[in-house]
Amino acid sequence: MTQFPVSFGYCDQQYTKTIYNIMSLSASKFILSNGNAIPAVAFGISAKHFKHGHGELDKQLIGTLELALKGGVTHIEGAGSYETNEEVGIALKNSMVKRNEVFITAEYLPNEEKHLKHHNPYEELKSDLKDLGSSYVDLYLLHQEVSKGGPGLMKQWSHMERLKEEGLAHSIGVSNFGVEDLNQLLNSKTKWKPVVNQIEFNHYLHDDTPGIAEFCQDQGVLVEAYAVVCHNKSLHYVLTKLADKYDKNSDQILLRWVIQKGLLPITTASKEEHMEDIVNVVNFDLEEGDVEEITRVARKKNHFK
Ligand SMILES: NC(=O)c1ccc[n+]([C@@H]2O[C@H](COP(=O)([O-])OP(=O)(O)OC[C@H]3O[C@@H](n4cnc5c(N)ncnc54)[C@H](OP(=O)(O)O)[C@@H]3O)[C@@H](O)[C@H]2O)c1
């Protein structure tokens with residue numbers, strides 16, 4: 001297992017720590033704090049592929065997913081409220097990829113109520129699994145909108161735990177949680193703690209939300225980062241230079257930078273060449289000095305995607 005130093009910078013104070021066993025990077029996978037392995041980059045099917053309200057099958061999405069799976073994508077990230085489970089199930093079948101060779105993350109996002117058949121994560125995932133044609137998901141996430149903290153959160157988490165107990169979700173986690181809500185779960189007497197927190201994180205934002213990624217890592221909670229691929233002039237020179245050096249493109253450098261920060265990037269693509277690029281972010285290493293250069297240059301200014 002490769003153990004690697006994860007450094008997190010905040011202003012001029014920077015500390016570097018080595019994470020052992022939990023959330024460590026082993027070849028192309030992270031190891032979660034419950035011991036389960038998770039492919040180090042995820043292919044998301046919201047945002048660009050969001051089809052809610054359409055009702056009918058999205059053939060274009062099925063084609064995109066088939067291309068991704070055949071091209072070597074091993075981690076698909078979706079949510080019941082995107083109404084894309086059937087498409088995932090069909091693409092899995094058509095691509096002939098074995099279920100245990102693909103990691104599927106799903107998310108309970110109840111603020112999209114009209115698109116949800118059920119109002120708790122337990123019932124919702126059971127319904128999603130029928131559409132997916134699978135008896136389990138590898139990871140199920142409770143979106144922050146559910147809870148607003150307090151007793152409501154604990155009630156929803158008990159549904160998540162039941163999914164874990166019954167083997168319907170092999171791991172459970174949260175999405176867009178801040179420190180306060182996460183602390184509530186981590187400090188309560190729950191049997192199963194969240195192993196993942198999915199948040200917006202990229203080279204420009206990493207100093208704008210100081211503390212959350214660092215807090216998660218300290219607690220053994222793997223951070224999944226969305227909105228990683230974004231560009232701004234200030235980093236253009238560095239990214240172009242590094243892209244040349246590693247024979248990759250700028251987006252691959254950004255995705256790899258996230259991985260080497262100890263976070264799991266979620267991205268997406270509709271073009272076949274981008275899918276290949278995504279798969280190929282696990283097979284090279286940025287030198288530590290290059291990781292730091294991106295961190296340092298991006299820190300100079302605030303930018304938003
Ligand atoms: N939990 C939440 O609240 C939340 C919120 C937002 C998103 N997400 C998840 O995150 C996923 C990713 O969404 P995002 O907005 O963060 O996507 P993103 O990674 O910021 O951007 C994806 C876009 O980048 C392009 N791209 C990908 N790889 C590339 C490469 N190697 N070279 C050039 N271009 C490349 C793709 O273009 P082409 O399409 O042209 O190939 C794609 O449209 C979503 O699908 C969703 O699952 C979660």
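At what angle do helix H2 and helix H3 pack, and how far apart are their axes? H2 (residues 85-95) and H3 (residues 121-132) pack at about 40°, with axes 7 Å apart.

A quick word on the model. It is predicted, so local features need pLDDT of at least 70 and side-chain atom pairs count only at pLDDT 80 or more, while totals for chains, interfaces and linings use all residues. Residues are numbered from 1 along each chain as its sequence is written.

Now for another helix pair, H7 and H10. Their angle makes H7 roughly antiparallel to H10. Here are both pairs side by side:

| Pair | Angle | Axes apart |
|---|---|---|
| H2 (85-95) and H3 (121-132) | about 40° | 7 Å |
| H7 (233-246) and H10 (288-299) | about 170° | 9 Å |

Who touches whom? In the second pair, Ser234, Leu235, Val238 and Leu242 of H7 meet Asp290, Glu293, Ile294, Val297 and Ala298 of H10 (contact means C-beta atoms, placed from the backbone, within 7 Å). In the H2 and H3 pair, the contact is made by Asn85, Glu86, Val88 and Gly89 of H2 with Asp128, Asp131 and Leu132 of H3.

Finally, Tyr82 sits in the loop between strand E7 (75-77) and H2. An unreviewed UniProt entry places the feature "active site" there, at Tyr82. Tyr82 counts as buried because it has 25 C-beta neighbours inside 10 Å (buried takes 20 or more, exposed 12 or fewer, partly exposed in between).

Technical notes. Axes are lines fitted to C-alpha atoms, for helices over the stretch in contact, and angles run from 0 to 180 degrees between N-to-C directions. Helices (H or I, at least four residues) and strands (E, at least two) are DSSP runs, numbered from the N terminus. Two residues are in contact if their C-beta atoms, placed from the backbone, lie within 7 Å. UniProt positions are given in the numbering used here, feature names are shortened, and annotations may be inferred rather than shown by experiment. Angles under 35 degrees count as roughly parallel, over 145 as roughly antiparallel, 65 to 115 as roughly perpendicular and the rest as oblique.
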